[in-house]
Structures are given as structure tokens and as C-alpha cells.
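Please consider the following note on the structure shown below. It is set out as numbered points for a reader who is new to the subject.

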Amino acid sequence: MTTIRTAARAIIRHEGRLLVIRYRDERGDRYALPGGGQRHREGMEAALVREVEEETGASIRVGPLRFVRECIAGPEDRALPPDFHQVELFFECTLERPLSKDIRGQEQDPDQEGVEWREEEELRQLCFFPRALLDAFERGQEFGYLGVV
């Protein structure tokens with residue numbers, strides 16, 4: 001039986017930049033907001049706090065839900081498992097305290113290379129997921145469904 005995975009992502013802004021995770025694999029660098037999958041019997045906010053701390057070392061305060069998107073593997077998709085289906089919830093978050101210059105989580109993902117502050121315009125030039133989030137920011141959209149990727 002296949003399942004739908006739920007995940008949460010943190011929108012953390014500081015001085016006009018977003019906190020992002022940089023991943024690297026054989027295709028090169030890619031960027032995404034910190035966060036990840038929800039565990040069984042774990043609340044979504046608790047999952048987000050845990051994931052952000054694991055990946056970045058940051059303590060956050062979870063704010064309002066802003067966006068929802070789905071990621072479904074297509075028949076030709078080599079980057080995702082064939083039956084992959086994930087619903088992601090994007091929350092506005094704030095840092096409990098400033099991050100040190102050497103940002104690093106305790107339990108980083110296997111292909112995680114680093115944690116960086118990046119400007120939205122800069123992310124447009126990079127391989128950032130989901131691109132629809134940057135488009136929503138540019139339109140001034142504050143919440144909504146970002147669609148299926």
C-alpha cells in the first residue's frame with residue numbers, strides 16, 4: 001500500500017533573506033527551505049520545530065500556515081521514488097535567538113551541504129524548490145495552494 005507523506009517547511013526571513021538548506025548530489029546544488037517529514041503521532045508544529053533544529057541548529061517559533069503544495073513523482077521522474085506523494089505545509093516562522101555565523105544542524109540530511117541565508121532574487125538564479133513559492137512572494141500572495149509539482 002502506498003501512502004501520502006506529510007511534511008512541514010519553515011519560511012524564516014532575516015534582513016531580506018530566506019534561511020535555506022543547500023543540498024548536493026550528482027546533479028549539483030539545490031536549495032530548499034528547512035523542514036521535513038512528520039512522524040507518526042507527532043503534531044505538525046512539533047515536526048517542524050524538530051526538523052529545523054536537526055537541519056540548522058536553530059530554535060524557532062512557528063507562526064501561521066502560509067502555503068500548501070503537493071509533490072507527486074511523475075512516470076519519467078528519476079529524482080524521486082516512483083510512488084512518491086508528499087503534501088508540504090509552509091509556515092511563517094521566527095528565530096528564538098540569532099544564529100551563529102557557522103550555522104550547522106546536529107542531524108543533517110545525508111546530502112545536506114550547508115545552511116545559508118539567500119535573497120529571493122538570488123534563489124531565482126539557483127535550483128530552488130519550490131519555485132512556485134518565490135512566484136507567490138513576488139505576486140504579494142500571503143497564503144494559498146501552490147499546486148502540484
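1. Arg13 is partly exposed, with a relative accessible area of 35%. Here buried means under 20% relative accessible area, exposed means over 50%, and partly exposed lies in between (1.4 Å probe, protein chains only). The model is a predicted one: local features need pLDDT of at least 70, side-chain atom pairs count only at pLDDT 80 or more, and totals for chains, interfaces and linings use all residues. Residues are numbered from 1 along each chain as its sequence is written, and side-chain values use heavy atoms, with hydrogens and water left out.

2. The side chain of Arg13 meets that of Glu92 in a salt bridge, at 3.8 Å from N to O. A salt bridge is a side-chain nitrogen of Lys or Arg within 4 Å of a carboxyl oxygen of Asp or Glu. This pair links distant parts of the chain, since Arg13 is in strand 1 and Glu92 is in strand 6, 79 residues apart. Helices (H or I, at least four residues) and strands (E, at least two) are DSSP runs, numbered from the N terminus. Glu92 is buried, with a relative accessible area of 19%.

3. Arg13 also lies over the face of Phe137, at 4.1 Å from the ring centre. For such a contact, NZ of Lys or CZ of Arg must be within 6 Å of the ring centre and within 35 degrees of the ring normal.

**The aromatic pair**

4. How many aromatic pairs does the structure hold? It holds one. The ring centres of Phe67 and Phe137 are 6.1 Å apart and the planes stand at 70°, so the pair is edge-to-face. Rings of Phe, Tyr and Trp (its six-membered ring) pair if their centres lie within 6.5 Å; planes under 30 degrees apart count as stacked, over 60 as edge-to-face and the rest as tilted.

5. Phe67 belongs to strand 5 (residues 60–72) and Phe137 to helix 3 (residues 131–139), so the pair ties together parts that are 70 residues apart in sequence. Phe67 is buried at a relative accessible area of 0%, and Phe137 is buried at 11%.

**Strand 6 and its partners**

6. Of the 11 residues of strand 6 (residues 85–95), eight are buried, so this strand is largely enclosed by the rest of the structure. Strand 1 (residues 5–14) pairs with strand 6 in the parallel sense over eight bridges, and Thr6 stands opposite Val87 in strand 6. Two strands pair if DSSP finds at least two bridges between them.

7. Strand 5 and strand 6 pair in the antiparallel sense over 10 bridges. Arg61 stands opposite Thr94 in strand 6.

**Further salt bridges**

8. The count of salt bridges comes to 21. One of them joins Arg69 and Glu88, with the closest N and O atoms 2.7 Å apart. Arg69 lies in strand 5 and Glu88 in strand 6, so the pair ties together parts that are 19 residues apart in sequence. Arg69 is buried, with a relative accessible area of 7%, and Glu88 is buried, with 3%. Elsewhere, salt bridges that share partners join Arg39, Glu42, Arg50, Glu51 and Glu54 into one network.

9. Arg17 forms a salt bridge with Glu15, the closest N and O atoms lying 3.7 Å apart.
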